[in-house]
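Here's a quick briefing to read with the model open beside you. Have a look at the structure, then work through the points below.

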Amino acid sequence: MTALEIKGDWNITKGKLKQKWARLTDDDLQYAEGKQEELAHAIQIAKQIDYLGGMPGVTPKPVKTSDDPVAMLRADLENERETVGRYRERIRQAEAMGEFALSETLRAIIVQEQEHEIDLRAALYINVPPAIEPARKNNGRSQVQNGQASRKPPL
């Protein structure tokens with residue numbers, strides 16, 4: 001089952017749930033949707049690990065809790081940031097091994113994780129930091145300026 005099929009089935013299920021239990025709020029359903037998305041991510045990654053001959057395993061991190069809703073949102077934001085960082089590292093590792101299908105699977109997941117981060121920042125009224133311009137690559141060649149070779153990296 002693809003992520004798109006899961007999403008379509010979920011939209012149908014949400015409508016039925018709202019009809020049957022009118023007290024369910026959009027927030028209740030959004031929470032459940034987030035859990036479903038996490039499960040879909042786990043299944044996608046497990047399939048890739050199995051394909052590579054590994055055995056999927058999970059050791060969950062301890063969950064930070066608080067009675068303060070803002071503190072909980074901040075903890076959730078920090079978890080999202082750490083998750084995105086770990087996915088970036090796994091993408092680099094997959095590409096270094098030449099496992100481009102795994103890399104693309106992880107890229108699709110990281111898009112959704114970054115959307116969660118953006119939503120949490122918005123809820124906390126925290127601006128999303130601007131993108132950092134990556135350093136320009138010169139493929140190991142010296143820069144030539146005014147006819148002179150320069151070993152200075154480009155700005």
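Buried, in this briefing, means under 20% relative accessible area, exposed means over 50%, and partly exposed is anything in between (1.4 Å probe, protein chains only). With that in hand, Arg81 counts as partly exposed, because its relative accessible area is 44%. Keep in mind that this is a predicted model, where local features need pLDDT of at least 70, side-chain atom pairs count only at pLDDT 80 or more, and totals for chains, interfaces and linings use all residues. Residues are numbered from 1 along each chain as its sequence is written, and side-chain values use heavy atoms, with hydrogens and water left out.

**How confident is the model?**

- The score to watch is pLDDT, the predictor's confidence in each residue, from 0 to 100.
- Averaged over the chain, pLDDT is 75, and 61% of the residues score at least 70.
- Helices (H or I, at least four residues) and strands (E, at least two) are DSSP runs, numbered from the N terminus.
- Among the chain's elements, α4 has the highest mean pLDDT, at 91, while strand β2 (residues 148–150) has the lowest, at 44.
- Over residues 139–155 pLDDT stays under 50, and the model has 13 contacts (heavy atoms within 4.5 Å) beyond four places in sequence for that stretch.

**Helix α4**

- From first C-alpha to last, the 24 residues of α4 reach 35 Å, close to the expected 34 Å; that expected span is 1.5 Å times one less than the number of residues.
- Its buried residues are Leu102, Ser103, Thr105, Leu106, Ile109, Ile110, Glu113, Glu117, Leu120 and Arg121.
- Thr105 sits in this helix, which covers residues 100–123, and it counts as buried because its relative accessibility is 17%.
- Which residues does Thr105 touch, leaving aside its neighbours within four places in sequence? The partners are Gln44 and Gln48.
- Arg121, also placed in α4, is buried because its relative accessibility is 7%.
- The Arg121 side chain reaches the backbone oxygen of Asn127 at 3.5 Å. That is a polar contact: a pair of N or O atoms within 3.5 Å where, within protein, one must be able to donate a hydrogen and the other to accept it, and residues adjacent in sequence count only if both atoms are side-chain atoms.
- After α4 comes Tyr125, with a positive phi near 55 degrees.

**Salt bridges**

- Side chains of opposite charge can pair when their charged atoms come close.
- A salt bridge here is a side-chain nitrogen of Lys or Arg within 4 Å of a carboxyl oxygen of Asp or Glu, and the count by this rule is five.
- Arg81 pairs with Glu78, with the closest N and O atoms 3.8 Å apart. Both lie in helix α3 (residues 69–96), three residues apart, or about one turn of the helix. Glu78 is partly exposed, because its relative accessibility is 31%.
- Glu89 and Arg92 form another salt bridge, their closest N and O atoms being 3.0 Å apart. They are about one helical turn apart because they lie three residues from each other in α3.
- Arg107 bridges to Glu95, with the closest N and O atoms 2.3 Å apart. Arg107 lies in α4 and Glu95 in α3, so this pair ties together parts that are twelve residues apart in sequence.
- Arg107 is partly exposed at 33% relative accessibility, and Glu95 is partly exposed at 30%.
- Glu95, Glu104 and Arg107 are linked in a network of salt bridges.
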